[in-house]
Amino acid sequence: KEISYMKRYKFLSAALLGALLTMGTVTSCSDSGYLDINYNPNYPSTASYKQLLPAAEGSIVAVSGLYQQITGDFWCQYVTQGNSTNQYNTLSNYAVTTSGSIPPVTTIWQNTYANSLEDLKLALASAEESKAWNYWMVAKILQAYNFLVLTDTYGDIPFTGALDVENNPHAAFDDSKTVVYPGILEMLDAAIAKLDDAKAAEKASPLGTADCFLGGSMDSWAGFAKSLKLKMYLKDFDAHKSDIQALLSAGGLLEQDCAWVNWEDGANKGNPLYEFNIRQLNTTENIRACHTFLEYLLDKKDPRIIKLYEVTANAKKTLGYSSDEELIAHMDECYEGLPCGDKPSTDETTEGGIAISKSSRMKQAYDDAVYLMNEAECELMIAEAYARLGNAEKAEEYYNKGVLAGFSRWGFDGTAFVDGAYKFDKADMLHSIAMQYWVTYAGANAYDGWMTRNRLGIPEVQANITVRKSTTALQRELSDGYVLGNLVDPGASNMNAGEYPMRLLYPTATTLYNSAAAKYVEENGNSLTKKLWWEK
């Protein structure tokens, strides 16, 4: 069945189109070449599920790989804004507006509704008509995933009537806990129920490289759906204790990466954040290591530091260490950060100044994966489930698997760490697990790291304190009272002491053109610090 989908572009704002055009196109992993997710008047006016599913996946990765990723990186305090540039000051300082693209208030909302979900709706109808249940199953799971991103980002959202714009242009906001979450779970259950049909369809007509995340493995997609369910259940454990037990007993949860990895080293063909931050900007000095996470890794002597950050230019010039073994052995000399959200002078003759050459950039590459879910996260969710059920032995087993997966992602063996620096604490299981979530989301789906931090309240946020006493390079003495691994207030925060972003704001675009949205915001407010129903 051929379905018109050109009409969806009339719902895109100029701001969103500009954002996507700035980012450029993304590389398709299909045999046909490249997938251009931007508006193109040469596009055909109709498309089937075979075109619509890859288009939806491309739309998802375009936003998650740039806007969501960079937000998580900054708000988990893995990185901060460089002290010689200003590109991401708004992220560092929690300066969130209702019309901003960084942080991605407008971008996530509009791209998800107007691009990803619209393509998936059409793909589902086309695939169902053709009984292409493999395409249908993947599209249904991604539909659920997209709605979950929306409700976990903003709270209450248009859901039940959100995808019928022509008949319902002013979609009402549905309650996240009582309407949206149950509806998403129904979508996931419907997809899982189609597994046998999907496997038969996959055998007859494989997705193969048209599926850029899991390569057409229906079993893996079912596992992803089950792990999404577990992620949702953990937000309301008491209400879903029996559901969690059933999931664990049935097995089949995802225990691998769900990621887009097929990039090319060419303009607009690589990882979206790399394309934007490295290839397209006029400077590569923006994103620097943050004291918060860097000092934690240094304290643990965690070798992943060499994969996450670049050696400082000064250390590279004066010390000459080059092998991984040398860099790990001398990490204290080779890696340096900046204070969170504060920009000390680059002039070292001033007090606390630090030259550009003496802080580390975040490592980036054109072929960096974009994750919907990472293997370490999957194992840690299972560990958390067992910990909450009181099964310490199983919790430790899956915790260790999560830690090891977090190391193996970068080619390291983490065995010494599960027996040492990251040893599981049975007396405080959730704290151990929460800290490993934080560590293993670095270099992966960091946006989920921000949400997981908000769900568990770990790492804690310490007010009115800095990580270190000094910003001077290599003076690493911690501030009195600071607890290593805790987050801190940005030095130039737009929020009050101890406050932290708990959600994104509803964008101006929706309150201007949707009367139901304007009414909802007027009655419920639009605060960055308003906790969602599942946040601690």
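Predicted model: local features only at pLDDT ≥ 70, side-chain atom pairs only at ≥ 80, totals over all residues.

Reader: At what angle do H16 and H17 cross?

Author: Roughly 165°, and the axes come within 8 Å. H16 covers residues 375–388 and H17 residues 392–408. Helices here are DSSP runs (H or I, at least four residues), numbered from the N terminus. Axes are lines fitted to C-alpha atoms over the stretch in contact, with angles from 0 to 180 degrees between N-to-C directions.

Reader: So is H16 roughly parallel or antiparallel to H17?

Author: Roughly antiparallel; the cut-off is over 145 degrees, while under 35 counts as roughly parallel.

Reader: Which residues meet there?

Author: From H16, they include Glu375, Leu380 and Tyr386; from H17, Lys394, Tyr398 and Gly402 are among them. Contact means heavy atoms within 4.5 Å. The contact divides into 10 nonpolar, two polar and four charged residues.

Reader: Switching to H2 and H5. What angle?

Author: About 30°, with axes 11 Å apart. H2 spans residues 49–75, H5 residues 133–154. That makes H2 roughly parallel to H5.

Reader: What makes the contact?

Author: Tyr49, Lys50, Leu53, Glu57, Ile60 and Gln68 of H2 meet a set in H5 that includes Tyr135, Leu142 and Val149.

How values were computed. Residues numbered from 1 in each chain as written. Heavy atoms only, no water. Helix = DSSP H or I, 4+ residues; strand = E, 2+ residues; numbered from the N terminus. Parallel < 35°, antiparallel > 145°, perpendicular 65-115°, else oblique. Nonpolar A, V, L, I, M, F, W, Y, C, P; charged D, E, K, R; others polar.
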